[in-house]
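Here's a quick briefing to read with the model open in your viewer.

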Amino acid sequence: MKHRLISLITALALCLSLCPPWALAAEASPGWTYDTTTGTLTIESDEGCVNWCTTSDVDKANIQTVTISDGVTSIGVNAFKDCTLLTSVEIPDGVESIGNGAFEDCSSLTSIKIPSSVTSIEDRTFFNCTRLTQVEIPNSVTSIKDSAFAGCRSLTSIEIPDGVESIGNGAFAGCSSLTQVEIPDGVESIG
């Protein structure tokens with residue numbers, strides 16, 4: 001029995017030496033982690049938001065949920081672009097900027113709440129999010145830039161807050177289900 005136990009421990013040690021520890025757990029790098037069993041990407045820092053998509057071999061098409069930790073202030077350009085299975089993302093208060101194309105082609109995303117710390121919805125931020133039906137835009141937003149919601153064909157209504165001063169070119173182009181938009185008096189320019 002003792003000999004069998006030693007053999008088993010030796011075999012396990014050999015397996016672990018051949019298989020690096022990171023391969024047994026969720027993929028990780030400084031500033032982000034990815035849980036392969038749940039399809040959850042956790043962004044822990046501003047650098048992690050950029051690093052995960054530029055240095056990892058995570059297949060964007062497998063990401064189903066994104067969790068952004070408190071302390072993250074910026075979501076980078078194209079950060080989650082082409083995450084076609086992404087259905088859920090929580091953006092915490094404190095995120096001040098969401099880069100161009102950050103959620104572009106996230107075709108399974110159905111709703112989004114933009115925190116009150118954001119002042120601008122950048123170019124193509126939600127471009128071609130074809131299942132997006134609900135968007136909460138806070139009063140802090142002053143501009144909705146070019147093609148921000150273009151191609152969001154499931155979007156049926158959107159409330160533009162009073163603080164918005166400009167709406168860019170094609171901001172709602174291709175939103176074929178959009179039946180109601182109220183433009184506040186403070187809007188000075190529409191592209």
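Predicted model: local features only at pLDDT ≥ 70, side-chain atom pairs only at ≥ 80, totals over all residues.

Residues are numbered from 1 along each chain as its sequence is written, and side-chain values use heavy atoms, with hydrogens and water left out. The whole structure has three salt bridges and zero disulfides.

- Helices (H or I, at least four residues) and strands (E, at least two) are DSSP runs, numbered from the N terminus.
- Strand 3 covers residues 40-43. Thr40 and Thr42 point one way from it, Leu41 and Ile43 point the other way, and all are buried. (Buried means under 20% relative accessible area, exposed over 50%, and partly exposed in between, with a 1.4 Å probe and protein chains only.)
- On one pairing, strand 2 (residues 32-35) runs antiparallel to strand 3, joined by four bridges; two strands pair if DSSP finds at least two bridges between them. Tyr34 sits opposite Leu41 here.
- Strands 2 and 3 make a hairpin with four residues between them, and Gly39 in the turn has a positive phi of about 70°.
- Another pairing is parallel: four bridges tie strand 3 to strand 4 (residues 65-68). In this one, Ile43 faces Ile68.
- Strand 3, helix 3 and strand 4 together form a right-handed β-α-β unit. A crossover is right-handed if, with the strands pointing away from the viewer, the path from the first strand over the helix to the second runs clockwise.

**Ser45, between strand and helix**

- Ser45 is in the loop that connects strand 3 to helix 3 (46-55), and it's buried at 18% relative accessible area.
- Its side chain reaches the backbone nitrogen of Gly48 at 3.0 Å. That's a polar contact, meaning a pair of N or O atoms within 3.5 Å; within protein, one must be able to donate a hydrogen and the other to accept it, and residues adjacent in sequence count only if both atoms are side-chain atoms.
- Leaving aside neighbours within four places in sequence, Ser45 is in contact (heavy atoms within 4.5 Å) with Gly31 and Val72.

**Glu104 and the salt bridges**

- Side chains of opposite charge can pair when their charged atoms come close. The cut-off here is a side-chain nitrogen of Lys or Arg within 4 Å of a carboxyl oxygen of Asp or Glu.
- Lys81 and Glu104 meet in a salt bridge at 3.9 Å, N to O. The pair links distant parts of the chain, 23 residues apart: Lys81 is in the loop between strand 5 (74-75) and strand 6 (88-90), and Glu104 in the loop between strand 7 and strand 8.
- Glu104 also forms a salt bridge with Arg124, with the closest N and O atoms 2.7 Å apart. This pair is 20 residues apart, and Arg124 is in the loop between strand 9 (120-121) and strand 10 (134-136).
- Glu104 is buried at 5%, whereas Lys81 is partly exposed at 24% and Arg124 is partly exposed at 33%.
- Leaving aside neighbours within four places in sequence, Glu104 has contacts including Asn78, Phe80, Asp82 and Phe127.
- Lys145 and Glu122 make a salt bridge too, at 3.4 Å, N to O. These residues are 23 apart, with Lys145 in the loop between strand 11 (143-144) and strand 12, and Glu122 in the loop between strand 9 and strand 10.
- Lys145 is partly exposed, at 31%.

- For Cys106, the nearest cysteine sulfur is that of Cys129, 5.2 Å away.
- The sulfur of Cys152 has its closest cysteine sulfur in Cys129 as well, and at 5.1 Å that's too far for a bond.
- Cys106 is buried at 0% relative accessible area, and Cys152 is buried at 0%.

**Gly163**

- Gly163 is in the loop between strand 12 (157-159) and strand 13 (166-167), and it's partly exposed at 24%.
- The C-alpha atoms of Gly163 and Ser140 are 6.4 Å apart, though the residues are 23 apart along the chain.
- Leaving aside neighbours within four places in sequence, Gly163 is in contact with Asn139, Val141 and Thr142.

Notes. Disulfide = S-S within 2.5 Å.
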